[in-house]
2 protein chains.
Amino acid sequence: MSNREKHDRMANAIRALTMDAVEAAKSGHPGMPMGMADVATVLFGKVLKFDPTDPHWPDRDRFILSAGHGSMLIYSLLYLVGYEGMTLDDIKNFRQLGSRTPGHPEFGHTTGIETTTGPLGQGLANSVGFALAERMLAAQFGSDLVDHHTYVIAGDGCLMEGLSEEAIEIAGRQKLNKLIVLWDDNHITIDGSTALSVATDQLARFEASGWNATRIDGHDPDAILAAIERAKTSDKPSLIACRTTIGFGAPNKGGTNGVHGAPLGAAEIAAARAFLNWEYDPFVIPSDVLDAWRLAGLRSRQAHKNWTQRLKDTDATLRGEFERRVRGDLPSKTGEVVAGVIAKARADGGAVATRKSSEIALEALTEALPEMVGGSADLTHSNNTKTKATSVYVEPPKYDGRYVNWGIREHGMAAAMNGIALHGGFIPYGGTFLVFSDYCRPSIRLSALMGVRVVYVFTHDSIGVGEDGPTHQPVEHLAALRAIPNLLVFRPCDTVETAEAWKLALEHKTGPSVMALTRQNLPLLRTDDTERCLTARGAYELASASDEAQVSLFASGSEVSLAMKARESLEAQGVPTRVVSVPCFELFLNQPEESRRQVVGKAPVKIAIEAAIRQGWDQIVGSDAAFVGMTGFGASGPAPEVFAHFGITPEGVVATALSRLKR
Amino acid sequence: MSNREKHDRMANAIRALTMDAVEAAKSGHPGMPMGMADVATVLFGKVLKFDPTDPHWPDRDRFILSAGHGSMLIYSLLYLVGYEGMTLDDIKNFRQLGSRTPGHPEFGHTTGIETTTGPLGQGLANSVGFALAERMLAAQFGSDLVDHHTYVIAGDGCLMEGLSEEAIEIAGRQKLNKLIVLWDDNHITIDGSTALSVATDQLARFEASGWNATRIDGHDPDAILAAIERAKTSDKPSLIACRTTIGFGAPNKGGTNGVHGAPLGAAEIAAARAFLNWEYDPFVIPSDVLDAWRLAGLRSRQAHKNWTQRLKDTDATLRGEFERRVRGDLPSKTGEVVAGVIAKARADGGAVATRKSSEIALEALTEALPEMVGGSADLTHSNNTKTKATSVYVEPPKYDGRYVNWGIREHGMAAAMNGIALHGGFIPYGGTFLVFSDYCRPSIRLSALMGVRVVYVFTHDSIGVGEDGPTHQPVEHLAALRAIPNLLVFRPCDTVETAEAWKLALEHKTGPSVMALTRQNLPLLRTDDTERCLTARGAYELASASDEAQVSLFASGSEVSLAMKARESLEAQGVPTRVVSVPCFELFLNQPEESRRQVVGKAPVKIAIEAAIRQGWDQIVGSDAAFVGMTGFGASGPAPEVFAHFGITPEGVVATALSRLKR
């Protein structure tokens, strides 16, 4: 058999599995896997460094299917090259409940999937984080341990999402020359020809941001291999436009949008089998083809062995540190570091904004945790994200810094942070204003869905922003973030809670966290000397009532000090009042019901206070509680005046309490 | 005085007002207005077609300050050219509570502001909608009535946001040659030099998407004028990179990030006054300069008069229609059309997905309302957004269609729809999957903040999506959208409610609406023969209990039919059960308290049912009610199995009801 014949049979195995699985599932996307089968066969068959017997080998090349709807491409490949976690039965159960082969590839669910994709553009933008993490880790541990490529298959949809531009620009600025993007240039989207909505010269677009860009016949294995090899020698990131026929092999539907997202149907599948000379029954892979693929799966064994030897030969301390970093364990001193921050804050006293509290915590933590990589979407000195330890920028040619200038690209930053966290070896954190969390929300959702440790530092967290006005004043964002499952949203009230929140965020290995931080100064409230991390409970009594409580005040962040003032005033008027600080809804709702009941208490009047909308508070305090907060958008003016304008003041809380008591 | 001297004095008036206002406010952004004062002076002094005495003249050129933080630029201009709504006192009250001069320009708040900006990239993307609306309206009413340009001042931040790429690509594909973007190419962002984060050749980037691009000295009035005049003759959209010194005139801070977002301080202001030869006291504009500016404000008077004459000369029917369209009034038959849809749905019966119900309503509405412009982010046949009446595409050279192929650019679509609505003459609606509302959330927020009539058609609204899995199954999105103030979120349960929701959305002139629609079929439930629009109440009793209700079931959308089945089963077991349909939280919460109390009722067991998270429901049903819905992300599988997996079934509801009754 000629090399070309062998290639074709290997590629057709992907096409056949795809057609059959989509047909069996009665849903799915055959077009991309069939169109990109040749590219994928060259990539997995001849280029990619991986070992199916050790899917987590730290120095493997990363493969990211940004066009995640074409999930049968990666499922086929995982099965063909011999990943243990992917059997023919899994393929047959494509898109069935509980299967390893869900509609879109899910990280953590299926071994061999590097990142969850489907929401377009995300995989491509993740890949920038992967490639950046590779460079950073290599800078810290050397190329003996870290030296791999990041390959991406992206579709037209990925390139149309604005997120892609942010990713392209970051990759270009960072000269990520080990990032290679294979674009499925098939001229088709769901609605028809790309010409309906695209008049962009993609090659010129990528070149404008410092990429190599080339176009090849995506069905010519030699051209594919040559283009990848060329890209590997470049000093820039590379785009390879692979001109393909979507649904290649389907003689009637191929090349049309009819093949994008629906089963081909029995007749077209039969025609495709004939066209491809694929005479086997559904789901049957002949042994010559399976053997060839399994052999391809062994290609990197020697490289893997050599790497393992190099790791063994590495200085024990460096090796231990490398292994700790890859495992994602924190240094044992982390707790101590946080305790130190708290002790100092208590000794110092004084009012600081929680964004500053966060900086204080970060100064100590980034010093102690070399895995922390900071950054901001061009708001470094507003987000207070840069510390002494992270003062060197991550940039070419050395990548030995720990702070990324993401530019005004919140979405690209968030998606790249997901990639950095997924790559391993780092804990990324990045800042913007809370109101602009909307710009990166799709990536925050994916942090949560994948369960990766990314910390979002969102400052300017309320109408306390003041003069910048309603466009910059978050009102609904706390509720909207709390709505995302598996995301910890912290809104600490002072430096102690902020330090505790950082500790919890770093310890939260299985999910992302948000820090909602103020621009305005707040007094130190946690003057107790407890060593317990009260923030871990999500909510706790910060100040008790002088007698049986008539009023319970619940607040988060900047409104806790306001509640404390209201309590003082109420107590002075003879109304026993307690204050509950609520730094994290999610952690509170995870407490045992009895503990929750105790914290909520039985005071006849309950008032929740937050300079944001009410939504979400009912679950904490009950729908019969009063609420002092926002009901609409904010206003431009000095912060104290804006708070007064909306009645979010100690006096407002006292008046609400007294009127409720009179009922 | 030479022309150049006169120009300089006019430009320096902007610089002086900016310095003084920011200094008085003790906050603000002097850098951009001072840097772009020359460009703005040429644009407003010599090019822009506008009439300060009639700010709403439909054929005015549109000016959009995409770099909204430089708000003192537009406030200065509005004052200088003589807009009635902008006095020197307003300038002196910059950024004060209740002033006409908030931190960022706000549409609807300050006359002369075409769109609210500040969140970066939005103004640029709005402008694509403005320019597209101009072409579409000209196609429908002729160039005698509609023939104007859209000018944008954008900053580096606008160009870094991925949204800008979507906007650029749409404008390029649509060949919007009357769109002219003046980029403040000052090499500075908040964090310092743009080189920190940008390695993109912006001119090449724009050219790749079919734009003209040129670079000029942004302080040379002749070059500015020549470049704009050249751009006006082009057959493509134009980017003019205006190389400027940020904070031009501030001799020490100019050209640095120190001048971007903070007052200059007394010493630097004094130095700037000396540097600019501006010897006047704060807020004083000498009469020669004010006169020159006021004269510039009169420049387009004759053009305006001519236009008014042409409008008068227009055929009365066409003129009446033009005026109706510009006012934004609906045709008087709109109610009748909706009634017809409802009558037919009742006659037809049968189960349809609400995305199909929406298509049915749209077929009739788009036929009757020529102002409706449809589109989709490449999911036309999934969102069911294209109708017979809108079947012709909006595209060059004729722009006579009514359906826009936005491409896979949700954010660009939403921002452009804001621009179309703001321009006037159209009611835009556009579709994507509900889960991808996250991609355009910043623009949805601005629709709501500005109060513009944009309708978001979000289909595939729950785990009912099925096989596509958790990346495509919205769980938190209903809550997150309901959190946005001034946004109506409709989740109708059948064709009748869907038609009612469309009617309400179209009648809602002062804000946007979301239609959350199913992929899966739903039975017709509103078989009553009432002509009242029950959806207008937000929630209402759909089925009463056979006796004093023991159980009240509350549901929206696809879960209403599920509630009806549960009711049947409970009634069969002797438990009087009623069902309340809740198609719109916002409208319900606006009802008088007594009406709300009646709808909620007094049944001892209340259960809310929604295939989404609970957040937000407590405000409707109380925190003591039970909830049948989601608590985390979804799963990939056939929809009925996924519903069963998460216990969102009639049986699940019945079990919950019975266990609650036993308590």
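Which residue of chain B forms a salt bridge with Asp438(A)? In this predicted model, local features need pLDDT of at least 70, side-chain atom pairs count only at pLDDT 80 or more, and totals for chains, interfaces and linings use all residues. Residues are numbered from 1 along each chain as its sequence is written, chains are lettered from A and ligands numbered from 1 in the order in which they are written, and side-chain values use heavy atoms, with hydrogens and water left out.

The partner of Asp438(A) is Arg441(B), with the closest N and O atoms 3.0 Å apart. A salt bridge is here a side-chain nitrogen of Lys or Arg within 4 Å of a carboxyl oxygen of Asp or Glu. Across the interface of chain B and chain A, 10 salt bridges are found by this rule. On the side of chain B that touches chain A there are 38 nonpolar, 37 polar and 22 charged residues, where Ala, Val, Leu, Ile, Met, Phe, Trp, Tyr, Cys and Pro count as nonpolar, Asp, Glu, Lys and Arg as charged, and the others, Gly among them, as polar.

Chain B is superposed on chain A by a rotation of 180 degrees with 0.0 Å of shift along its axis (RMSD 0.0 Å), the superposition being by least squares on the C-alpha atoms of residues with pLDDT of at least 70 in both. This is the relation of a two-fold axis. Each chain gives 97 residues to the contact, defined by heavy atoms within 4.5 Å. The copies meet through the same surface, because 100% of the interface residues of chain B are also interface residues in chain A.

Within chain A, Arg9(A) forms a salt bridge with Asp288(A), the closest N and O atoms being 2.9 Å apart. Arg9(A) belongs to helix H1 (residues 3-25) and Asp288(A) to helix H12 (residues 287-297) of chain A, so the pair ties together parts that are 279 residues apart in sequence. Helices (H or I, at least four residues) and strands (E, at least two) are DSSP runs, numbered from the N terminus.

The backbone also shows local features. A cis peptide bond, with omega about 0 degrees, joins Pro396(A) and Pro397(A). Pro397(A) lies in the loop between helix H17 (380-383) and strand S10 (403-405) of chain A. In chain B, the peptide bond from Pro396(B) to Pro397(B) is cis, with omega near 5 degrees. Asn277(A), a residue other than glycine, has a positive phi near 55 degrees, and is placed in the loop between helix H11 (266-275) and H12 of chain A.
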